[in-house]
Amino acid sequence: MKITFLGAAHTTTGSMHLVEANGKRILLDCGLYQGRRKEAFEKNRNLPIDAKSIDYVILSHAHIDHSGNLPQLVRQGFRGRIFARKATCELCDVMLRDSCFLQKRDLEYVNKKRRRDGKVLFEPLYDEKDVDVTMQLFTPLHLHEPYEISRGITLEFFNAGHILGSALIQLDIKQDHAKNHRLLFSGDLGQPNQPILRHHEYPSGADILLLESTYADRYHPTADDVELRLEKLLKYIDRRNSKLLIPAFSVGRTQQIIYYLNRLAAKGKVPREVKVYVDSPLSRKATGIYASHREVYNAEAKKMLAQGQDPLMFPGMTFIGTPEESMALNEASGPMIIIAASGMCEGGRVVHHLKNCVQNPDNVVLIVGYQAENTLGRRVVEKVSPLRILGEELELKAHVEVINTLSAHADRQGLSNWLDEVKDNVRYAFAVHGEDEKVAAMVELMKERGIATAVAPKPGETYKFD
């Protein structure tokens, strides 16, 4: 048995790990790499494996940095089965189609300039037909339902508590002429006590552990801090008739923000004049999928439902549909909140809102999620000015605020507590899904917990097991 770390090794995007056992080649995730446009495009198009040689893909969750390159894998010849939880299958159907749309639109802009300069035009990574074929390959599985995907290889999903449908992946591998192994892959591990969704679980008995490291070196503020800071920002934009722009992932983060604003509205702390707009067709679809899976809600969300309060809708909130409605927000006066994708500001409607908002010192840009290196969102967090947005250099005059509590990733304490519960049998541990300082912090944490073999694998490194 061996594992090759093909993506999300010393970086947070492009999650992809190859497990080879019993003559089968299994990918854990197949995500898009995100970063500098040209570099990301080349990495995503040139897969580090022969797609036709892959037997199965096991998907931890639907976020694009974990699922987004599945249609490219299919385009290059993969025809095996894709295993995921049912909600993940449903989310991927809308997210991968949205990815197609965004690629096409972004390339129209890029190719217009390349055509003018006499350069070869770019093609999208994949199209809608590739997504159609991809969706036919999905096999939904329930939590706690052991399933033998091949002789001697049994898959079982546990709740990861990250986003709707997110899973901890456990593989039991029985080998004829070598030791048996239990591999546990965290995918993205949720922060404890998140809004809406139930807490992550603690599978036991794994001897091989792949653990994400996104926030292995920091602690998140308390949930109370979120409401207090949102309340202050609401008062701020109300006084100035300005805009609060929140770039947010359509799946997970947007629903969390709606939940907190809902709680504030119930307490009468959203000023009547402040309108809330969710400007993302994907967010609207994803929120509908969240609403259809209330069986995974936590106790507090279920209590709200029992009291007749929808955790994902409140008076004064509007979903924006058409591009024309979205553009109209640019001319509308505040006070207003605009929640728009993408979460790292690399595409989607939020880029146009940023272009419209950043030069007004009364406006606020609120960052509520992780921003990978070399993304526009990271440059906003770092308050780089001028910002290059859609080909223009714009001075960053708007206020920039960051709330890490909304992160759906466990912080150092959450990771530490989870590790304490699952580590007893672990002999080999790998820190993945984190930049250099993050995986270094995770390796340190693992070694403090007695896992002397802990390492942070580099891209392309292979580890063999007896």
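Reply: In this predicted model, 6 strands form an open sheet. Their order is E14-E13-E15-E12-E16-E19, and the pairing is parallel. Strands of a sheet pair through backbone hydrogen bonds, either parallel or antiparallel. Strand E14 (317–319) and strand E19 (399–402) stand at the edges. Each has a single partner strand, so one side of each is left without a neighbour in the sheet. From one strand to the next, the twist averages 20°.

Strand E16 (residues 364–367) runs parallel to E19, and 4 bridges join the two. Leu366 has Glu401 of E19 as its bridge partner.

A helix packs on this sheet: H11, residues 349–357. H11 touches strand E12 (243–247), strand E13 (275–279), strand E15 (336–340) and E16. The direction of H11 makes about 145° with that of E12.

The peptide bond from Ala341 to Ser342 is cis, with omega near 10°. Cys345 has a positive phi of about 65°, although it is not a glycine. With a relative accessible area of 2%, Cys345 is buried.

The peptide bond from Ser385 to Pro386 is cis, with omega near 5°. Pro386 is found in the loop between helix H12 (376–381) and strand E17 (387–389). Leu390 has a positive phi of about 50° and is not a glycine. Leu390 is found in the loop between E17 and strand E18 (392–394). At a relative accessible area of 28%, Leu390 is partly exposed, whereas Cys345 is buried.

Next, a helix pair. Helix H4 (residues 86–116) packs with helix H8 (residues 281–291) at an angle of about 175°. Their axes are 10 Å apart. H4 and H8 are therefore roughly antiparallel to each other. On H4, the contact is made by Glu90, Leu91, Val94, Met95 and Asp98. On H8, Leu282, Lys285, Ala286 and Ile289 take part.

Last, the aromatic rings. The whole structure holds 9 aromatic pairs. One is Phe83 with Tyr147: the ring centres are 5.7 Å apart and the planes at 50°, so the pair is tilted. This pair links distant parts of the chain. Phe83 is in strand E5 (residues 81–85) and Tyr147 in strand E7 (residues 147–150), 64 residues apart. Phe83 is buried at 0% relative accessibility, while Tyr147 is partly exposed at 27%.

A second pair is Tyr428 with Phe465. Here the centres are 5.0 Å apart and the planes at 70°, so the pair is edge-to-face. Tyr428 lies in strand E20 (residues 428–432), and Phe465 in the segment after strand E21 (462–464), so the pair ties together parts that are 37 residues apart in sequence. Phe465 counts as buried, at 6% relative accessibility. Ring pairs also link Phe5, Tyr428, Phe430, Tyr463 and Phe465 into a cluster.

Charges meet rings too. The charged end of Lys43 sits over the ring of Tyr33, 4.2 Å from its centre. The charged end of Arg114 sits over the ring of Phe122, 4.0 Å from its centre.

Technical notes: Residues numbered from 1 in each chain as written. Predicted model: local features only at pLDDT ≥ 70, side-chain atom pairs only at ≥ 80, totals over all residues. Heavy atoms only, no water. Phe/Tyr/Trp six-rings, centres within 6.5 Å; stacked < 30°, edge-to-face > 60°. Buried < 20%, exposed > 50% of the residue type's maximum accessible area, 1.4 Å probe, protein only. Lys NZ or Arg CZ within 6 Å of the ring centre and 35° of its normal. Pairing = 2+ DSSP bridges. Axes fitted to C-alpha atoms, helices over the stretch in contact; angles between N-to-C directions. Contact = heavy atoms within 4.5 Å. Parallel < 35°, antiparallel > 145°, perpendicular 65-115°, else oblique.
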